[in-house]
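Subject: Structure handover

Hello,

Here is the structure we talked about. My notes on it follow below.

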Amino acid sequence: MSPSTKDALLIALLRACAVAAAAVVVLIVAFVARDSWPALRDIGIVRFLSDDWSPTGADPGFGIMPMLVATLVTSAGAITLATPLGIASAVFAHFYAPRGLAVLLRRVMELLAGIPSVVYGLWGLVVLVPLLLRFAPPGQSVLAGTLVLTVMILPTVALMADVALAAVPAPTLQAAHALALPRHAIALKVAVPAARSGIVTGIVLAAGRAVGETMAVLMVCGNVVKLPTSVFDPVRTLTANIALEMGYALADHRAALFVSGLCLLLMWMALASTAGLVRGGRHA
Amino acid sequence: MLDHGHGRALGAAVALCVSLTFAGCTDGGSERSVTSQRLVLTGSSTIAPLVADLARQFESQRPGVRIDVQTGGSSRGISDVRQGLAGIGMVSRGLADAESDLVGYKLAIDGVALIVHASNPLVNLTQEQVVEVYTGRVRDWRELGGAPGPITVVHKADGRSTQEVFLGHFGMDPAEVEPSVVIGDNEQGVKSVAGNPGAIGYVSIGAAEASAEFGVPIKPIALDGHVATSESVALGSFPLVRELTLVSNGPLSPLASDFVAFARSPYAREFIEAHYFVAVD
Amino acid sequence: MPSALRAGFRRGDGLLGLVVWGVAIATLGLFSWVVGDVGLRGVSELSIAFLRESPADAGRAGGIAPILVSTGLILLVCLTAAIPIGVGAAALLAEFTRTDGALGRTVRVSLDVLSGVPSIVFGLFGNVFFCVTLGLGFSIVSGGLTLACMVLPLVIRATEEGFRSVPDEIRQGAAALGFSRASTFAKLLLPAALPGLGVGLALGIGRALAETAALLFTSGYVDRMPTSLSDSGRALSIHIYDLAMNVTGGEPRACATALVLVAVLVTANMAAASLTTRASSASGIR
């Protein structure tokens with residue numbers, strides 16, 4: 001086979017892989033849209049924004065605003081906490097740690113990434129919630145959810161930042177060293193900006209995990225559908241809502257739950273596209 | 001690329017996977033619905049562990065038979081049975097009027113008790129007091145005669161049969177309730193109350209008794225003077241009770257019929273009690 | 001990174017050094033706290049029999065052998081599907097498209113969106129698409145394929161970073177020698193990018209083992225030893241969930257199962273790491 005035929009075949013194969021990967025999301029969005037259509041048609045978008053949430057009551061309400069806010073607040077909080085911690089961890093592994101400790105930290109991060117959400121939720125429920133209870137009842141709260149989510153997404157940020165820092169070309173670092181820059185400057189002003197693209201990717205993946213997390217937030221957030229006025233108030237996220245009620249919901253209620261899922265997807269799509277714009281160029 | 005050793009290992013793993021898939025396809029494809037050898041049950045996750053234990057016991061007595069138990073909630077059980085995706089549905093309540101096209105077989109009954117933290121001095125609540133707590137009119141334990149402190153109201157999520165039984169008994173509409181915490185499964189309720197001295201919730205009586213025995217710091221309290229124990233449920237003197245039902249769409253297949261008979265026989269009693277439900281005669 | 005830069009040079013480190021050391025200690029401490037707390041509740045239930053027997057009494061007695069096997073098979077299906085597609089897509093994004101090209105942008109945005117789909121939605125989608133529409137039913141295959149969809153963004157993005165870490169000199173050298181792009185890719189770039197794939201694998205395995213909601217509706221609840229990939233099989237995470245949240249008195253065994261899962265994770269991650277480092281060093285690039 002001539003080199004150019006081999007090349008063409010390879011590129012075709014790779015394109016197929018990429019298209020397959022992209023097709024999955026199209027299928028999922030189509031599926032969610034299809035099953036939410038009955039509710040959108042019968043109940044109407046306005047009621048989803050203005051009602052209370054009481055789908056099984058005598059006078060059903062399908063308002064999802066408080067849950068949308070809860071999702072945004074807990075995820076944003078988790079990202080705000082996890083990003084600096086994750087980057088710091090990766091900087092530590094690359095610039096400050098003795099070799100053995102860096103490897104240990106990486107292994108620990110990989111482990112933390114693999115602990116089931118139900119274990120984090122269980123730990124949150126029996127350890128964290130009683131701790132927070134001392135500040136304000138009921139303990140299940142925005143803060144509990146944010147803290148548990150932070151712990152869950154920290155490994156993703158840290159590991160991706162780790163890979164990104166490893167990808168910074170050695171000559172760049174050597175040049176900085178040759179200029180007698182102190183270590184903290186090399187790390188923060190040379191390496192991290194050079195690894196910006198990979199780090200932002202890690203943040204986006206982590207944010208996705210936070211927004212999509214179901215089990216753990218269901219166990220520690222309290223699941224009350226109300227706009228929070230303080231971090232100690234219980235809230236219900238959109239994902240917890242679907243998980244809590246899907247198994248016991250009939251017809252309209254079920255379709256309404258799919259609408260909340262669709263809302264979540266659309267919100268996330270908007271966020272992800274914005275992040276894509278921010279990510280910027282390939283090489284620093 | 002990969003050195004030979006790793007390449008061979010990877011190739012072997014992939015080959016194993018592929019052959020397992022094809023092995024499965026031959027006998028898996030024909031057993032989509034109920035056949036003489038396989039039965040699928042779906043439905044409530046509350047009774048799924050019990051039914052799975054019964055299924056395992058049944059399988060050990062009838063080699064070659066496979067009974068698959070899946071969860072997904074009571075509504076799932078109803079809809080799967082209607083669509084023929086399952087042979088039998090598991091529902092943690094009695095059948096509703098809208099479900100009169102289906103046949104129900106009572107498996108067991110389950111009492112629902114109010115629980116509080118073990119350190120709470122209260123032992124009884126009246127009907128009115130419960131309604132006032134759950135609608136948010138009473139917010140402090142002081143008003144009920146207990147030690148001062150805010151009441152954390154633990155409530156089950158909408159659509160769950162425990163919640164429907166509870167609200168139905170007290171005549172409350174779901175929209176009237178003002179919970180502090182909403183929970184999904186029984187154990188989440190138990191753990192929420194166990195971790196909070198000011199909490200009150202409601203769970204299956206059997207689960208409450210068993211947890212208290214295991215040392216979990218909760219205790220069931222009496223309702224209107226009726227003591228909340230499995231005995232009082234069995235005697236019929238406890239007012240808050242729900243049925244656990246197996247459901248079918250039309251006549252049962254021979255295998256399904258045998259399994260239902262087994263599940264309702266005296267032999268199944270020990271399993272029902274091991275799961276802290278109350279067997280019916 | 002070059003050892004000359006790693007070796008301590010204390011001058012000017014001050015605040016950042018303090019911060020990063022603090023984060024590292026906090027991370028290790030957190031890990032010990034979570035695993036230790038759960039582990040203490042469950043360690044008394046661990047035994048060899050626990051690993052070899054089938055569950056009895058709703059999991060409160062007996063062991064988890066069939067569940068371990070089911071989990072392993074689900075993981076195998078997931079990785080078998082996700083790795084080839086993932087590496088292929090990553091290669092395309094990193095090597096064979098313009099960064100600002102339409103295909104590259106579309107795929108990247110799709111992956112970002114995919115990474116934010118809630119796990120419960122994956123479960124419902126997997127149930128409708130793999131179990132019902134494709135007719136696979138509640139099965140290990142359905143579960144594995146659903147998980148493959150979930151871990152694709154992780155595998156692809158990490159591998160893409162791995163490709164980017166390969167210095168351009170290698171590509172230029174190969175071109176100067178007259179290598180076809182396909183040969184350059186297969187013999188030089190792919191081995192050099194393996195560490196990135198290793199991280200993608202670790203993240204993917206971690207996510208796959210950690211998933212509960214997605215598997216409940218696809219690979220199912222049956223705890224019998226699977227005889228083929230089309231059997232329903234209960235994964236470790238679902239067993240932990242059932243014992244902790246659904247079965248009264250199941251918490252000690254739930255914690256013991258969690259410990260076993262951590263052990264499985266450690267083994268799987270070490271295998272992934274050794275596979276990729278050995279393979280990449282064997283190729284002579286690093």
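Among contacts in chain A between residues at least 6 apart in sequence, what share join residues at least 24 apart? The share is 71%, where contact means heavy atoms within 4.5 Å.

Some ground rules before the rest. This is a predicted model, in which local features need pLDDT of at least 70 and side-chain atom pairs count only at pLDDT 80 or more, while totals for chains, interfaces and linings use all residues. Residues are numbered from 1 along each chain as its sequence is written, chains are lettered from A and ligands numbered from 1 in the order in which they are written, and side-chain values use heavy atoms, with hydrogens and water left out.

Chain A

Chain A has 12 helices and 2 strands; these are DSSP runs, helices (H or I) of at least four residues and strands (E) of at least two, numbered from the N terminus. In sequence order the pattern is α-α-β-β-α-α-α-α-α-α-α-α-α-α. The C-alpha trace of chain A spans about 75 × 60 × 30 Å along its principal axes. Of its 284 residues, 62% count as buried. Buried means under 20% relative accessible area, exposed means over 50%, and partly exposed is in between (1.4 Å probe, protein chains only).

Chain A against chain C

These two chains bury about 8,700 Å² between them, 77% of it on carbon and sulfur atoms. Buried area is the accessible area (1.4 Å probe) that two parts lose on being put together, summed over both. On the side of chain A that touches chain C, the largest share, 20 residues, comes from helix H1 (residues 3–43) of chain A. That side divides into 72 nonpolar, 16 polar and 11 charged residues. Here Ala, Val, Leu, Ile, Met, Phe, Trp, Tyr, Cys and Pro count as nonpolar, Asp, Glu, Lys and Arg as charged, and the others, Gly among them, as polar. In total the contact takes 99 residues from chain A and 94 residues from chain C.

Chain C against chain B

The contact takes 44 residues from chain C and 37 residues from chain B. The area buried is about 3,400 Å², of which carbon and sulfur atoms give 56%. Tyr221(C), Arg224(C) and Thr248(C) supply 18% of the area that chain C buries against chain B, more than any other three residues. Across this interface the rule finds 5 salt bridges and 16 residue pairs in polar contact, both at pLDDT 80 or more. By class, the side of chain C that touches chain B has 24 nonpolar, 12 polar and 8 charged residues.

One of the salt bridges joins Arg224(C) to Glu59(B), with the closest N and O atoms 2.6 Å apart. Arg224(C) is partly exposed, at a relative accessible area of 23%, whereas Glu59(B) is buried at 16%.

Around Arg253(C)

Arg253(C) is found in helix H13 (residues 251–282) of chain C and counts as buried at 13% relative accessibility. It forms a salt bridge with Glu45(C), the closest N and O atoms being 3.0 Å apart. Glu45(C) lies in the loop between helix H2 (14–42) and helix H3 (48–52) of chain C, so the pair ties together parts that are 208 residues apart in sequence. A polar atom of the Arg253(C) side chain also lies 2.5 Å from the backbone oxygen of Gly62(C).

Elsewhere in chain C

Glu211(C) forms a salt bridge with Arg207(C), with the closest N and O atoms 3.9 Å apart. Glu211(C) is buried at 1% relative accessibility, and Arg207(C) is buried at 11%. Ser180(C) is buried too, at 7%, and a polar contact of 3.0 Å joins its side chain to that of Ser183(C).

Regards

Definitions and conventions
Polar contact = N/O pair within 3.5 Å; in protein donor to acceptor, adjacent residues only side chain to side chain. Salt bridge = Lys/Arg side-chain N within 4 Å of Asp/Glu carboxyl O.
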